[in-house]
Amino acid sequence: QVQLVESGGGLVQAGGSLRLSCAASGRTFSNYDMGWFRQAPGKEREFVATINWTGARTYYADSVKGRFTISRDNAKKTVFLQMSSLKPEDTAVYYCAAGSYTANSNQYDYWGQGTQVTVSS
């Protein structure tokens with residue numbers, strides 16, 4: 001069992017940066033690949049980034065590639081999403097998830113409650 005709690009969201013101007021954190025509880029965090037997803041109002045949840053259990057492999061949605069960086073610290077049971085050059089279209093609730101190294105949300109077993117990111121123009 002893994003419980004996930006996101007933090008670090010907020011209001012930022014376009015071009016700014018935010019760093020999201022996702023703290024996990026449970027002894028098996030390092031066994032899971034991790035992902036970040038987001039959901040904007042009126043839209044379906046979409047994939048943002050994923051990282052494998054060692055942190056050696058990462059994969060990004062085209063819309064965030066070059067601007068966002070996913071990382072993890074297994075000793076601290078935390079996964080991060082560093083977001084730079086933010087755009088208004090990045091506004092969404094951001095969720096972290098534990099599961100498989102994939103962009104498919106159906107392959108993730110555990111989800112956090114989400115943290116709101118709002119980018120003003």
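Modeller: Terms first: strands (E, at least two residues) and helices (H or I, at least four) are DSSP runs, numbered from the N terminus. This is a predicted model, in which local features need pLDDT of at least 70 and side-chain atom pairs count only at pLDDT 80 or more, while totals for chains, interfaces and linings use all residues. Residues are numbered from 1 along each chain as its sequence is written, and side-chain values use heavy atoms, with hydrogens and water left out.

Biologist: OK. Where is threonine 91?

Modeller: Threonine 91 is in the loop between β8 and β9.

Biologist: What does its side chain reach, in the case of threonine 91?

Modeller: The backbone nitrogen of valine 119, at 2.9 Å. A polar atom of the threonine 91 side chain also lies 2.9 Å from the backbone oxygen of proline 88. Both are polar contacts, meaning N or O atoms within 3.5 Å; within protein, one must be able to donate a hydrogen and the other to accept it, and residues adjacent in sequence count only if both atoms are side-chain atoms.

Biologist: And which residues is threonine 91 in contact with, leaving aside neighbours within four places in sequence?

Modeller: Ala40, Gln116, Val117, Thr118 and Val119, where contact means heavy atoms within 4.5 Å.

Biologist: Switching topic. Is arginine 38 buried or exposed?

Modeller: Arginine 38, in strand β4 (residues 33-39), has 5% relative accessibility and so counts as buried. The scale is relative accessible area with a 1.4 Å probe, protein chains only: buried is under 20%, exposed over 50%, partly exposed in between.

Biologist: What polar contact does the side chain of arginine 38 make with glutamate 46?

Modeller: The two side chains are joined at 2.5 Å. The arginine 38 side chain also makes a polar contact with that of tyrosine 94, at 2.9 Å.

Biologist: How many bridges pair β4 and β5?

Modeller: Five, in the antiparallel sense; strands pair if DSSP finds at least two bridges between them. Tryptophan 36 has alanine 49 in β5 as its bridge partner. The hairpin of β4 and β5 has six residues between the strands, and its glycine 42 takes a positive phi near 75 degrees.

Biologist: What about β5 and β6?

Modeller: Antiparallel, over three bridges, with β6 covering residues 58-60. Alanine 49 has tyrosine 60 in β6 as bridge partner. Five of the six residues of β5 are buried, so β5 is largely enclosed by the rest of the structure.

Biologist: Which strands make up the open sheet?

Modeller: Four, in the order β1-β3-β8-β7, with antiparallel pairing. β1 (3-7) and β7 (68-73) are at the edges with a single partner strand each, so one side of each has no neighbour in the sheet.

Biologist: How many disulfides?

Modeller: One, taking a disulfide as a pair of cysteine sulfur atoms within 2.5 Å. Cysteine 22 is joined to cysteine 96, S to S 1.9 Å. Cysteine 22 is in strand β3 (residues 18-25) and cysteine 96 in strand β9 (residues 92-99), 74 residues apart. The S-S torsion is about 45 degrees, so the disulfide is right-handed. Both cysteines are buried.

Biologist: Last one: which residues of the largest nonpolar core touch the most other members?

Modeller: Leu4, Met34, Trp36, Leu81, Met83 and Tyr94, out of 34 residues. The largest share of this core, five residues, comes from β9. A nonpolar core is a set of buried Ala, Val, Leu, Ile, Met, Phe, Trp, Tyr and Cys residues joined through side-chain atoms within 4.5 Å.
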